[in-house]
Amino acid sequence: MATKTAEKPVETTVPPLAPEASPPATIKKAEAWERFRDDLEARANEIGSQLPSTISRDRFLNASIAAVKANPDILLATPRSLFSALTKAASDGLLPDGREGIITVYEQKVRGSNPERKEWVAQWNPMFYGIRKRAREIDGIIIDAQVVMEGDEFDYELGDRPFIKHKPKVRAEKVDASKGVAVYAIFRAADEHILHREVMFKPDVFDVMNQSRAKGSLMWTTFWTEGWRKTVGRRGAKSVPMSPSLEQVIQRDDENFSFDRAPVAIGRQQQQALPEPDEPPKPGQAKAEADQSDLPEVDAPPRPGEK
């Protein structure tokens with residue numbers, strides 16, 4: 001009978017935990033996972049105190065574990081930035097499940113470091129589905145946003161009698177962003193009264209995308225319609241009266257744009273942002289067991305000077 005030989009654990013490199021730390025230490029992937037799990041357990045009550053009554057603490061923690069298992073590059077981020085991102089997600093009342101919101105990672109210079117060095121930072125990003133969900137839960141606002149493609153019938157008018165008319169062309173094939181023409185959002189109150197209409201054309205959307213720290217992410221490429229709808233939804237929301245709690249969720253995304261630096265992409269593909277579903281996820285849907293056996297390998301960040 002053939003016997004299996006135990007494989008030697010693969011070692012990898014993670015960035016320092018704090019600016020004053022020594023050069024990156026070599027640790028096993030299981031150690032990075034265990035450190036995250038222990039920190040998550042230690043901060044469970046703190047994170048849970050930020051959640052609305054619609055989300056249980058266990059459900060949020062399970063979604064956080066699933067997010068890390070889906071995108072292990074998150075473990076490259078400083079623990080400070082990672083738990084800051086999770087706290088913001090909890091405060092917004094959204095799950096980091098790739099549907100209501102997503103945690104991405106980008107590289108930035110360490111302020112005041114000499115010689116200059118960089119670190120990986122985790123960033124919380126509410127998705128458009130999450131924004132729509134909270135708009136309805138908090139203020140009873142219904143947001144409908146659609147992308148206009150080449151071949152669609154589209155007309156709109158501003159002024160005293162504004163309107164939007166859109167008749168999509170029936171398609172049997174998937175289209176990419178090159179076929180996008182415009183995107184619009186309609187904001188309605190709970191009684192169906194229209195509060196505001198917002199229309200943006202492709203050049204306007206691309207201007208916004210080019211200022212994003214993650215313009216090469218799946219939201220702007222594979223699931224580009226999600227990025228377009230989110231963009232027009234955020235812009236239109238500036239013209240709609242809303243509560244401070246909802247403003248916080250919508251303005252949160254301002255942190256993800258940089259007007260004085262070029263965006264930097266990490267080596268591994270970002271956690272996948274799921275297409276917008278017809279209904280919100282049911283309680284427990286995002287639950288995942290904390291089993292580190294299927295945790296993918298964590299890639300080492302590039303060393304200074306490497307291409």
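Strand β3 (residues 101–109) has seven of its nine residues buried, so the rest of the structure largely encloses it. Buried means under 20% relative accessible area; exposed means over 50%, and partly exposed lies in between (1.4 Å probe, protein chains only). Strands are DSSP runs of E with at least two residues, helices are runs of H or I with at least four, and both are numbered from the N terminus.

This is a predicted model: local features need pLDDT of at least 70, side-chain atom pairs count only at pLDDT 80 or more, and totals for chains, interfaces and linings use all residues. Residues are numbered from 1 along each chain as its sequence is written, and side-chain values use heavy atoms, with hydrogens and water left out.

Now take the whole chain. It holds eight helices and nine strands. Of its 307 residues, 45% count as buried. The chain exposes about 16900 Å², and carbon and sulfur atoms supply 49% of that. Such accessible areas come from the Shrake-Rupley method with a 1.4 Å probe; for residues, only the protein chains shown count as cover. Look next at contacts, meaning heavy atoms within 4.5 Å. Among contacts with a separation of 6 or more, 70% come from residues 24 or more positions apart.

Return to β3. What does β3 pair with? Its antiparallel partner is strand β4 (residues 118–126), over nine bridges. Two strands count as paired if DSSP finds at least two bridges between them. Lys-109 has Lys-118 in β4 as its bridge partner. Strands of a sheet pair through backbone hydrogen bonds, either parallel or antiparallel.

Next comes an open sheet. Its three strands have the order β5-β8-β9, with antiparallel pairing. The edge strands, β5 (142–149) and β9 (194–201), each pair on one side only. Neighbouring strands of this sheet are turned by 15° against each other on average, direction ignored. Axes here are lines fitted to C-alpha atoms, for helices over the stretch in contact; angles run from 0 to 180 degrees between N-to-C directions.

Follow strand β8 (residues 180–188). It pairs with β5 in the antiparallel sense over eight bridges. Ala-145 stands opposite Ala-185 in β8, and Val-148 stands opposite Ala-182. With β9, β8 forms seven antiparallel bridges. There, Tyr-184 stands opposite Val-199. The hairpin of β8 and β9 has five residues between the strands, and Glu-192 in this hairpin takes a positive phi near 75°. Is β8 enclosed or open? Seven of its nine residues are buried, so β8 is largely enclosed by the rest of the structure.

Helix α6 (residues 202–209) lies across β8 and β9 and runs at about 85° to β9. Helix α7 (residues 224–237) packs on the sheet and touches β5, β8 and β9. The direction of α7 makes about 45° with that of β8.

Ala-90 sits in helix α4 (residues 79–92). Ala-90 counts as buried because its relative accessible area is 0%. Beyond its neighbours within four places in sequence, Ala-90 contacts Ile-47, Gln-50, Leu-51, Pro-52 and Phe-60. Ala-90 and Ile-47 are 43 residues apart in sequence, but 6.5 Å apart in space, C-alpha to C-alpha.

Finish on the surface. Leu-158 lies in the loop between β6 (153–157) and β7 (163–167). Leu-158 counts as exposed because its relative accessibility is 61%.
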